[in-house]
Amino acid sequence: MIEKIQTLLASVPTLEANDAKSLEALRIQYMGKKGLLNDLMAEFRSVPAEQKREIGQQLNILKTAVQERLQQLREQIAANGENEAAEAIDLTRTAYPLPLGTRHPLSIVKNEIVDIFSRLGFALADGPEVDDDWHVFSAMNFAEDHPARDMQDTFFVEQHPDIVLRTHTSSVQSRVMENTQPPIRVICPGRVYRNEAISARAHCFFHQVEGLYIDRDVSFTDLKQVLLTFAREMFGEDTRIRLRPSYFPFTEPSAEMDISCNICGGKGCMFCKHTGWVEILGCGMVDPAVLDACGIDSKVYRGYAFGMGVERITNLKYRVKDLRLFSENDVRFLDEFQSAY
């Protein structure tokens with residue numbers, strides 16, 4: 001019997017199994033009710049008493065060796081299965097069906113506006129959304145009793161009456177003029193805030209893009225040509241513009257600019273109220289008082305400024321009638337702009 005045990009013990013290290021099924025077959029062959037170890041235990045009952053101690057020790061050694069080898073094979077099979085699963089992953093495959101996002105329509109239009117003016121030589125400028133009264137109002141030539149300074153029109157920071165949420169990105173222009181000597185040619189996109197009731201046509205926050213050019217011998221003709229170029233780049237080569245006299249505290253003379261309706265081509269429709277024209281921005285020559293307040297000699301330099309609402313331009317391009325759609329994060333609405341850029 002000792003010889004049988006030694007023969008089986010020598011064969012244990014050579015046991016092999018490639019999968020769970022063959023491993024189970026080995027276990028049954030050695031450890032099952034009718035397995036080799038049970039046969040040896042049955043034979044062990046008839047062994048003389050003086051040999052039981054030695055043979056019993058050998059049987060325990062054989063049983064332990066078989067169990068350890070089966071565990072080794074079990075771990076090998078598990079490791080091979082993990083490797084096969086990893087190799088089965090195609091790392092070149094597109095991450096489908098994860099849905100792809102899209103740019104927000106306001107971002108699409110803002111980037112297009114900035115790109116047009118960048119090609120015209122305007123640099124990008126930015127500033128804080130929470131700013132002081134000087135940069136938002138005083139430097140821009142707003143009178144002390146101007147309605148924009150009232151709480152009905154502007155958001156003030158509590159306990160800090162001189163700190164407001166900017167009502168226009170002109171505050172960025174005042175900061176640029178304070179820290180830069182002409183020539184200055186900048187474009188200032190950003191979010192602004194007004195204390196208005198939210199509706200389809202108005203919101204308490206929206207987005208503007210304002211431009212500023214200051215140098216020697218700048219004229220209104222320069223302003224008109226830049227705006228005409230912008231209008232045709234944004235709305236098409238056939239677009240016409242007209243300038244109507246207006247008033248802004250920081251420009252003199254001032255004007256509002258209309259474009260020929262891009263829906264009816266200027267013939268008249270419901271969108272343009274049958275006038276053939278649609279207002280898109282305000283503009284004018286920088287008031288000398290603004291230049292002087294910001295440390296620029298108004299006797300040497302002149303400049304022009306303009307500003308437009310990004311939502312307004314987006315409405316004209318994509319005919320979005322309700323401003324609230326821009327801030328509601330409705331995926332169905334945003335998905336409509338997947339091919340817009």
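Visitor: What should I know before reading off residues?
Guide: Residues are numbered from 1 along each chain as its sequence is written, and side-chain values use heavy atoms, with hydrogens and water left out. Because the model is predicted, local features need pLDDT of at least 70 and side-chain atom pairs count only at pLDDT 80 or more, while totals for chains, interfaces and linings use all residues.

Visitor: What is the strand order in the open sheet?
Guide: The 7 strands run E1-E5-E6-E10-E9-E8-E7, with mixed pairing; strands are DSSP runs (E, at least two residues), numbered from the N terminus, and two of them pair if DSSP finds at least two bridges between them.

Visitor: Which strands stand at the edges?
Guide: Strand E1 (123–124) and strand E7 (241–248) do, each with a single partner strand, so one side of each has no neighbour in the sheet.

Visitor: And how does E1 join E5, parallel or antiparallel?
Guide: They run parallel, joined by 2 bridges, and Ala123 has Val186 in E5 as its bridge partner.

Visitor: How many bridges join E6 to E10?
Guide: Strand E6 (residues 205–215) and strand E10 (residues 302–309) are joined by 8 bridges and run antiparallel; Glu210 has Gly307 in E10 as its bridge partner.

Terms used: Helices (H or I, at least four residues) and strands (E, at least two) are DSSP runs, numbered from the N terminus.
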